[in-house]
Amino acid sequence: MAVWLLSCLLASVATSAWAFSLDDVAVKAKELAGRPYVAPQSNLPAVFREMKFADYQQIRFRTEKGRWADEKTPFQLFFYHQGMHFDVPVKIHEITATGVKEIDYSPDYFDFGSLQLDPASLEHLGFAGFKVMYPLNEPDKRDDELMTLLGASYFRVIGKGQVYGLSARGLAIDTALPSGEEFPRFSEFWVEHPAPDRRNLVIYALLDSPRATGAYRMVVTPGKDSTLDVQAKVFLRENVAKLGIAPLTSMYLFGPNQPSAQPNFRPAIHDSNGLAIHAGNDERIWRPLNNPRRLAVSTFAVENPRGFGLMQRGHEFSQYEDLDDRYDLRPSGWVETRGDWGKGRVELVEIPTPDETNDNIVAFWTPDELPERGQPLELAYRLHFTMDEPALHDPQLAWVKQTRLSVGDIKQPNLIRQPDGTTAYIVDFEGPVLANLPADTPVTAQVSVNPNGELVENSVRYNPVTEGWRLTLRLRIKDPAQPVELRAALVQDDKPLSETWSYQIPVHD
């Protein structure tokens, strides 16, 4: 009996000795924050550092070398090779029942295509990042990408039938400030070996930058709408002017609210078309995105936000007509907060871009109060990557289906529409709360406009096609060099029927 008890005790000790948690990473992050920042040194030889993108694309991971490829788990890890600006290796560890072991780099993992490389140039290299593979779309196809982690603290996640669009990040620092943005990076990862019946994968990450460090626990759960549960502890090394929590990065080039200046067969090109906010007081806000002439920063003061996200509302192919990039299949990214986040603001940054190759949209939460040095800022949230946006919305409030820009005009007695020098926006609201109303319901709109705009028309009419209501706003812009701020919401007898449409007419030089 004593021998049996002793063996059980030893087994328990052995098991706990290899237990791994967020606290293990937090210890590293706190210790790192107490030391001066040391910039990572590139170990890349010139042949990799000066590599063109087309050559870097030739370096492919050998699928048969996937981590856990010969095991029953549905998950696999594929690794990215260093090259171009991915010039600093990241450490990747595997957590098993018997310990934690670093996954060593080997050139045998990769097919280098037609590249002629000196074997000596492959010595002492490492991985630039990794991706998680899972049978998202077909049960027997294990090499669908579920999540990719490559560069700084960026990552992407998709669900069934989706293609990559917007990105998420671990942390943003001083985004859009004159001092310049700082990009923290995930320098080290730990990935739990998944059991055969495990429905999710647990990833830990250590974040480092000149002014902050962080410990992250991320649990990715694949599905029709994949999710990522995040727990984080962030430590400040030095003062930060603006700390961006749960940042999302996307692209908006043009769309119905801001059509292309040049003829284009595609009606819209964007990974996201609006910022959605669920405030702590239960207000819902929708802000359509712009591609501005000049950098634009918008802030929304929110206490204890319930959620926010960069959304791709509308997934009909006819909205995009792009057979190559399939913007209709790109998911929305929604941050569902956990616990009270306190006072702060959701910030939207819109950057001018001439084409769709640049991510020019950033949204994040920034707290009013930052922790003292050495004390952690603890956060928890769930990221949703979804094409079912109504499922995240309050069914008791209608949402904005689309915003369309038009030249303002007046219909003449001869039925010809005559432009009158105004600008018009057509906003379609829809949702079950509107579909259940009779067509003759007296729905109106509460509208506000800042002093740079003069409201000329505010009219609402039933839309039998969508079983919703269409709001038409016409206004005169007093100074095109200054923005115009608009807010509107549908009401019935002063009772809110919709989210708040909040729009900024961009500056025109």
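Student: Which strands supply at least two residues each to the side of domain 1 that touches domain 2?
Tutor: Those are E19 (284-288) and E20 (296-303), strands being DSSP runs of at least two residues, numbered from the N terminus. E19 gives the largest share, five residues.

Student: What about salt bridges, how many between the domains?
Tutor: Three, each a side-chain nitrogen of Lys or Arg within 4 Å of a carboxyl oxygen of Asp or Glu. Separately, glutamate 316 forms a salt bridge with lysine 401, with 3.3 Å between the closest N and O atoms.

Student: Okay, what kind of model is this?
Tutor: It is predicted: local features need pLDDT of at least 70, side-chain atom pairs count only at pLDDT 80 or more, and totals for chains, interfaces and linings use all residues. Residues are numbered from 1 along each chain as its sequence is written, and side-chain values use heavy atoms, leaving out hydrogens and water.

Student: Where are the domain bounds?
Tutor: Domain 1 covers 22-392 and domain 2 covers 399-505, with bounds from an automatic or database domain assignment. Their centres, taken over C-alpha atoms, are 36 Å apart.

Student: And how many residues are in contact?
Tutor: 18 of domain 1 with 15 of domain 2, where contact means heavy atoms within 4.5 Å.

Note on methods:
Helix = DSSP H or I, 4+ residues; strand = E, 2+ residues; numbered from the N terminus.
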